[in-house]
Amino acid sequence: INRERAMRIVIQDPMIDSTIGNQAIPVFMHLSEHHPNIEVIPHTITGQTITESLKAGTVDIGYLMAYGPIEEVIAERAAIGITAVPLRKRRFSAWVSKDRSIANKDTWQVEDLEGMKFLVAADRLFDDWRIVLEKLCRAHGFAPRIQMRVTPTINGYLTGNLSEGVVVLSDAWVNDPRFLMRQDMVAKVLEGPDAYYHLYYVYCTDN
């Protein structure tokens, strides 16, 4: 950066999680203001996993949501040449139809989701999120029933039939206007000492 030569940094579009946006966008604004030689380009990944995008050079910096001990996640990525830097802990929230019996409970536990269909975007970008959900559920004694939905974006969920399933996302979405406008749905944060995941930023170690 200090050499002032023209540089281009391609980042995964940070709006997949509003938390990422809150942290990342001020950094990119700072670069644009104080280092005009650096061009920061947000890129929406489609048809690739985050790891594939890094390896192919599609993006220089990506974001990872992973469940489990931080040390294990970092070691797993290091073994394939990816550096993972933890940003913060995030809790899970669930989004379900108000007609489901769980909607009337005061608090929701991970175990309350057993037997429900987990609706997950079918785009490869969401492969890591599917793995997170599998690990979360198995840690609570059951295997999730995951149903892939052909939509690469969160907005795609809004047009589908969600009455028979559950969407599990970051707690950052609980108060998101896109979810609040669905009057037939309700979202709550999942309770429990290990009902959370960590958010990381990732890049190829040799980049």
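L136 is found in helix 4; helices (H or I, at least four residues) and strands (E, at least two) are DSSP runs, numbered from the N terminus. This is a predicted model, in which local features need pLDDT of at least 70 and side-chain atom pairs count only at pLDDT 80 or more, while totals for chains, interfaces and linings use all residues. Residues are numbered from 1 along each chain as its sequence is written, and side-chain values use heavy atoms, with hydrogens and water left out.

The predictor's confidence in each residue, pLDDT, runs from 0 to 100. Its mean for the protein is 86, and 91% of the residues reach 70 or more. Confidence is lowest in helix 5 (residues 177–180), with a mean of 76, and highest in helix 3 (residues 70–78), at 97.

L136 counts as buried because its relative accessibility is 1%; buried means under 20% relative accessible area, exposed over 50%, and partly exposed in between (1.4 Å probe, protein chains only). Leaving aside neighbours within four places in sequence, L136 is in contact (heavy atoms within 4.5 Å) with Y67, F92, V110, D194 and A195. Y67 is 69 residues away from L136 along the chain, yet their C-alpha atoms are separated by 6.9 Å.

The backbone oxygen of L136 is also reached by the side chain of H140, at 2.9 Å. This is a polar contact, that is, a pair of N or O atoms within 3.5 Å; within protein, one must be able to donate a hydrogen and the other to accept it, and residues adjacent in sequence count only if both atoms are side-chain atoms. H140 lies in the loop between helix 4 and strand 7 (145–149), and its relative accessibility of 16% makes it buried. Not counting residues up to four places away in sequence, H140 touches Y67, V110, E111 and D194.

Which residues do ring pairs link into a cluster? They are Y67, F92, W129 and Y197. Rings of Phe, Tyr and Trp (its six-membered ring) pair if their centres lie within 6.5 Å; planes under 30 degrees apart count as stacked, over 60 as edge-to-face and the rest as tilted. The count by this rule is 5 aromatic pairs. One of them joins W129 and Y197 edge-to-face, 5.3 Å centre to centre with 80° between the planes. This pair links distant parts of the chain, with W129 in helix 4 (residues 127–139) and Y197 in strand 10 (residues 196–204), 68 residues apart. W129 is buried at 6% relative accessibility, and Y197 is buried at 1%. Y201 and Y203 form a stacked pair, 6.2 Å centre to centre and 25° between the planes. Y201 is partly exposed, at 29% relative accessible area, as is Y203 at 27%.

Y201 also touches I61, whose other contacts beyond four places in sequence are I9, V10, I11, Q12, L54 and V202. I61 lies in the loop between helix 2 (50–56) and strand 3 (62–66) and is partly exposed, with a relative accessible area of 25%.

Finally, the cysteines. A search of the whole structure finds 0 disulfides, a disulfide being a pair of cysteine sulfur atoms within 2.5 Å. C137 is buried at 1% relative accessible area, and C204 is buried at 9% relative accessibility.
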